[in-house]
Amino acid sequence: MNSYKEKFEKMRSAGNLAARTLDMLTENVKPGISTDDIDKLGYEFIRDNGGFSAPLFYRGYKKSLCTSLNHVVCHGIPSDRILNEGDIVNIDVTAIIDDHHGDTSRMFCIGKTSVKANNLIDATYEAMMKAIKISKPNIKLGDIGYEIQSHVEEKGFSVVRDFCGHGVSTKFHEPPNILHYGKKGTGIKLSPGMTFTIEPMINIGKYETKLLADGWTAVTKDKSLSAQFEHTIGINENGYEIFTESVKGYHKPPYL
Ligand code: MF3
Ligand code: CO
Ligand code: CO
């Protein structure tokens, strides 16, 4: 019996609820909905399914999830902003069940979006999955960063440096930091029982970000579009387990 078996069972429950929340939102995110409407739907779904939204009251944050539109890199705050045809938006959900956190985000396209935006979204998803697929005991964190960075830079995109993935279990954010850039063979070794997020933020333009006056919203300094996907994974004896996989097969746009 693995020593981390119980931890993984709890991570599975929390991760599955976060993923089902995004699945539910997929059917509601369309032109005319506000990001506050999305926040309310997410809050209620998590509550009604036996969980709690981790962002709510986290370090003074006042909403239940993050909605990052267009040139927003991460931590966009839900508001009365209405989603319009052509917008791209990342929705980032973190659910707590039994003290454990499931943290996941996906991109959503509102109506018809530009070819450039679609290519950015595809590259970001592919980069996250490439990094997940090499994850197993004894590889190093730099190997994960390298997978992401090499994939997106080949397409002319850039990797955000100012935010990273993180360990996650009974704490929302715990060591180690998971950088989305790096050199093969560097950094700490992965080992069975580790649980962390991989959540690359990828920009069409330069990687620099700027924090808005609200203290949360991070945007690209050059106002170029930014995309992000996030999964919570665990390392087992043989490789990895994704705790936040969509139940409905909603992996990347187009979903429906
Ligand atoms: N879910 C984000 C992450 O991936 C963190 C959001 S913190 C909040 O780590 F307070 F902005 F919600
Ligand atoms: Co995260
Ligand atoms: Co997140």
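Select ligand 1: this molecule sits in the largest pocket of the predicted model. A pocket here is an open set of points on a 1 Å grid over the protein atoms alone, with protein on both sides within 12 Å along at least five of seven lines. To sit in one, a molecule needs more than half of its atoms within 2 Å of the grid points.

Local features in this predicted model need pLDDT of at least 70, side-chain atom pairs need 80 or more, and totals for chains, interfaces and linings use all residues. Residues are numbered from 1 along each chain, chains are lettered from A and ligands numbered from 1 as written, and side-chain values use heavy atoms, without hydrogens and water.

Next, show the shell: 14 residues, with a heavy atom within 4 Å, surround ligand 1. The closest are Pro55, His166, His173, Glu199 and Glu230.

Now pick side chains. N or O atoms of His166 and Glu230 each lie 3.0 Å from an oxygen atom of ligand 1. For Asp103 the distance is 3.1 Å. Polar contacts are pairs of N or O atoms within 3.5 Å.

Move to the cobalt ion (ligand 3). Its coordinating residues are Asp92, Asp103 and Glu230, at 2.1 to 2.3 Å; donors are N, O and S atoms within 2.8 Å of the metal (3.2 Å for Na, K and Ca), and water is not among the atoms, so sites may look incomplete. Along the chain, the donors of ligand 3 follow the spacing D-x10-D-x126-E.

The cobalt ions, ligand 3 and ligand 2, are 3.3 Å apart. Asp103 coordinates both.

How values were computed
A polar contact is a pair of N or O atoms within 3.5 Å; within protein, one must be able to donate a hydrogen and the other to accept it, and residues adjacent in sequence count only if both atoms are side-chain atoms. On a 1 Å grid over the protein atoms alone, a cavity is a set of points where a 1.4 Å probe fits but cannot get out, and a pocket is an open set with protein on both sides within 12 Å along at least five of seven lines; lining residues have an atom within 4 Å of a point.
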